[in-house]
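Reader: I would like a close look at one part of this model. Please keep to geometry and contacts.

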Amino acid sequence: MSQATYNKMWADAQKDLDIQLCKERGEFLQPEKDLVKVFKLLATSYIKYMQIFRHLEAAHDQLVHQQKQAVIRQVLDGVIGRILEVKREMVKLENSEFHYIDDILEDLKLLPEDTEVPIPRYFIKEKLEVLQQREKTLDQILLDAGLQIEEPVEAMTPEEGVRIIQVAERARQGRRRAAFMKRIYLKENKEKQPKLQVQMGPSPDDAATCIQKVWRGYIQRKKTEKMREEEMIFLGMSLPPHLETMSVSQMHARQVNTPQDEVQETHEEVSIKDKLRETEGLYIKKNFQDEISQCFIECRHIVGKFPDYPSEEAGGSMTVFDSQKTAEQIAEELAAQREMALQKKDQKGKKENESKKKKEKEKAGKKEEEEGWKMGPSNFLSIMEEGSSRYKDIWQNRDEQWDFLQDHDPELIKEENRKDVEEEIRVQVDKVMQQELENLRLAVDGEGSGKQKKGKKSEKKKATTGRKKIPELEQDLTPDRTIDSLYRELVEEGLLIKAKTVNLSDYVGSQTVHEKAPLVKALLLAGPGGVGKKMLVHAICTETGANLFNLSASNITGKYPGKSGLLMMLHMVLKVAKQLQPSVVWIGETEKIFSKGGRKTDDEMNPKRLEKMLPKFLQAVKAQDRVLLVGTTTRPFDANLKPFCQVYQKIILIPRPDYSSRLVLWKHIILQNGGVITNLLNISCLANLSDGFTQGHIVQVVQDVLTELRLLQMTRKPLKTEEFVTPLARQDPVYKEEEESFKAWYDKTPLGRARIRALADKEKEGKGKSKAGNKKKK
């Protein structure tokens with residue numbers, strides 16, 4: 001696909017986004033009591049945003065123009081955030097992580113595949129070199145520590161060696177004989193050619209005619225090519241020769257050598273900045289100084305004295321450069337800023353304010369229930385609107401016929417760099433004008449600013465009042481150690497492991513599981529053994545390029561004993577995870593940490609020693625840190641529910657596959673393992689027989705059947721259904737009792753309890769309406 005195609009895809013996505021934003025302004029801001037209608041609105045918005053996301057991601061990945069990529073990236077981040085917000089509202093509304101939107105997909109004429117969440121390719125592309133280098137370092141550390149063994153070269157027996165030499169020698173002799181026979185054949189042909197030329201040679205006239213044809217054809221082709229080039233230049237579809245500054249070899253080198261291209265672009269930006277400083281720097285500086293001095297003179301006429309110069313935290317002279325404000329407004333703002341700086345917050349009234357806020361929230365919640373559902377405030381609508389306005393202002397009607405390379409726009413680079421140059425000059429001007437203002441104040445008013453004394457007092461007060469106790473995990477317990485040394489120690493101790501290369505597309509089954517991972521800081525994957533919980537953990541690391549830390553109870557047993565050792569281990573994990581983010585901290589069999597009863601000692605053999613530290617660990621993970629805690633469990637009902645749910649804010653129950661998922665699984669895994677599906681193999685029958693079995697069971701059965709010997713017999717002996725029945729019967733299925741215990745446990749979780757309450761309320765409303773109807777009939 002060409003660049004024009006992706007430009008059109010971007011334009012169509014922007015149009016769809018504008019339509020969706022207009023709908024949201026009209027529909028989401030109005031209260032709605034009909035919850036069925038609300039869910040339909042949310043689900044439709046979710047699907048629409050998903051389509052916009054797919055188109056924007058494809059355009060961002062394929063367009064070469066870097067300034068276009070920057071605009072698309074801003075909108076793309078906003079769309080991703082909005083998808084998560086809509087998804088969160090859907091979960092709150094239905095009190096469930098799983099939604100049934102088949103009727104909406106049917107109305108929109110879409111397939112279930114259209115709702116799958118694609119992984120943005122820039123996750124890996126932007127840091128590909130770093131990830132490759134990190135993988136090499138990890139492999140080397142594992143080899144040095146003896147935790148990973150190089151693939152051994154199998155020893156060869158003498159008979160095998162002799163056989164290989166024989167094959168090679170026979171092949172060499174065959175090639176030599178073929179070359180010898182070829183020489184004989186060519187020699188015989190050469191001897192025959194002179195005789196044929198004597199008997200059937202062309203006449204001189206025929207030879208001259210042949211040469212004339214070739215020469216005239218060559219001359220005519222040259223003329224035609226020249227006429228075509230002139231026509232293309234006349235139509236504006238190609239540049240004239242004197243304007244072609246880049247040769248074909250340079251263009252090829254630009255396309256191939258991307259790192260060198262980035263270096264050249266940085267040099268170009270630097271040169272543009274230097275030119276702007278030389279040509280426009282003096283004018284910008286003089287203009288700033290004139291505006292500042294004029295503003296302060298007008299302020300003195302109005303207020304009666306010179307105002308204080310704005311601090312750097314308040315924006316400096318940027319408050320002066322707002323052309324929409326008058327001198328009176330600027331004077332009022334400066335006075336207000338001075339008063340706000342002198343005022344200090346009263347810490348005694350914090351509890352009262354918090355209680356008031358809670359009461360206000362409760363009142364607001366009651367009002368919302370009375371009025372109906374209303375979409376909460378969004379953090380991403382402003383980002384999308386800003387990106388859309390940038391697209392409309394710059395790119396929507398921009399003439400790009402002259403831009404044949406479609407890599408960057410020099411004028412836009414100049415405009416962006418002009419802002420940076422103005423900011424640099426503004427900082428310099430602030431220092432100069434601040435001193436001039438002090439001189440004017442001393443000369444005219446006979447007083448100084450008096451800032452230094454106040455500053456010293458405030459610094460002393462800050463030093464005495466600003467001391468707060470830092471949590472243990474947020475303290476730097478290893479200030480004298482480098483990240484590389486901590487990384488090596490964690491790898492050698494087996495706490496930082498190498499993730500398996502698994503893509504989310506390899507996880508065949510329930511699609512809704514794919515989109516849950518990035519919502520919160522802690523995620524729990526619960527379900528029977530073999531449903532793919534560990535596979536999903538490795539897939540998250542593969543798709544996002546994340547480090548994988550293994551803090552499972554079986555892995556940390558006997559390591560870092562005592563409370564101080566445990567604190568040091570968690571500190572090292574957190575420090576490396578934040579420094580080399582994104583990171584995934586995985587805890588397998590996490591129910592053992594929160595198990596009912598058991599020992600409460602802090603020895604290194606006790607799996608419960610992490611129970612009290614995990615909430616502190618999550619508290620140390622801030623909003624800007626891309627660190628995700630993932631727990632997996634096959635027996636969640638063995639854990640204490642309250643602390644379990646406090647740590648894992650998001651709980652996803654992965655069920656065993658249904659009939660349609662099993663049908664896809666059997667086909668996919670048989671083909672993946674080299675099998676061939678014929679009419680003798682009834683996949684539908686296998687899907688029915690495997691009811692109650694998990695994905696892991698099906699994989700194991702297929703691998704047991706499709707051995708190397710069986711694959712060699714595939715051409716003369718096709719696969720039959722009976723071959724898979726016996727290995728399947730040897731597997732232990734997920735019985736109904738186990739499945740019911742999972743459902744009963746999930747109903748006790750916060751989301752499960754909320755869903756049960758909502759269903760009970762609906763039943764009460766239905767009974768109330770039926771009673772009222774019966775009374776009216778009577």
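Author: The model is predicted, so local features need pLDDT of at least 70 and side-chain atom pairs count only at pLDDT 80 or more, whereas totals for chains, interfaces and linings use all residues. Residues are numbered from 1 along each chain as its sequence is written, and side-chain values use heavy atoms, without hydrogens and water.

Of the 6 residues in E4, 6 are buried. Buried means under 20% relative accessible area, exposed means over 50%, and partly exposed is in between, with a 1.4 Å probe and protein chains only. Helices (H or I, at least four residues) and strands (E, at least two) are DSSP runs, numbered from the N terminus. Ser 583, Val 585 and Ile 587 point one way from E4, while Val 584, Trp 586 and Gly 588 point the other way. Both sets are buried.

E4 pairs with two strands, E3 and E5. Two strands pair if DSSP finds at least two bridges between them. E3 and E4 run parallel and are joined by 4 bridges; here Trp 586 is the bridge partner of Asn 550. The pairing of E4 with E5 is also parallel, over 6 bridges, and Gly 588 has Thr 632 in E5 as its bridge partner.

Pro 582 belongs to the loop between helix H19 (562–579) and E4. Phi of Glu 589 is positive, near 50°, although the residue is not glycine. Glu 589 is partly exposed, with a relative accessible area of 37%. Most residues other than glycine have a negative phi, and most peptide bonds are trans.

Strand E4 (583–588) is also among the elements that cover the buried residues of helix H17, as are strand E3 (547–550) and strand E5 (627–633). Cover here rests on contact, meaning heavy atoms within 4.5 Å. The buried residues of H17 include Leu 536, Val 537, Ile 540 and Cys 541. H17 (residues 533–544) has 12 residues and spans 17 Å from its first C-alpha to its last, close to the 16 Å expected at 1.5 Å a residue; the expected span is 1.5 Å times one less than the number of residues. Gly 545, with a positive phi near 70°, follows H17.
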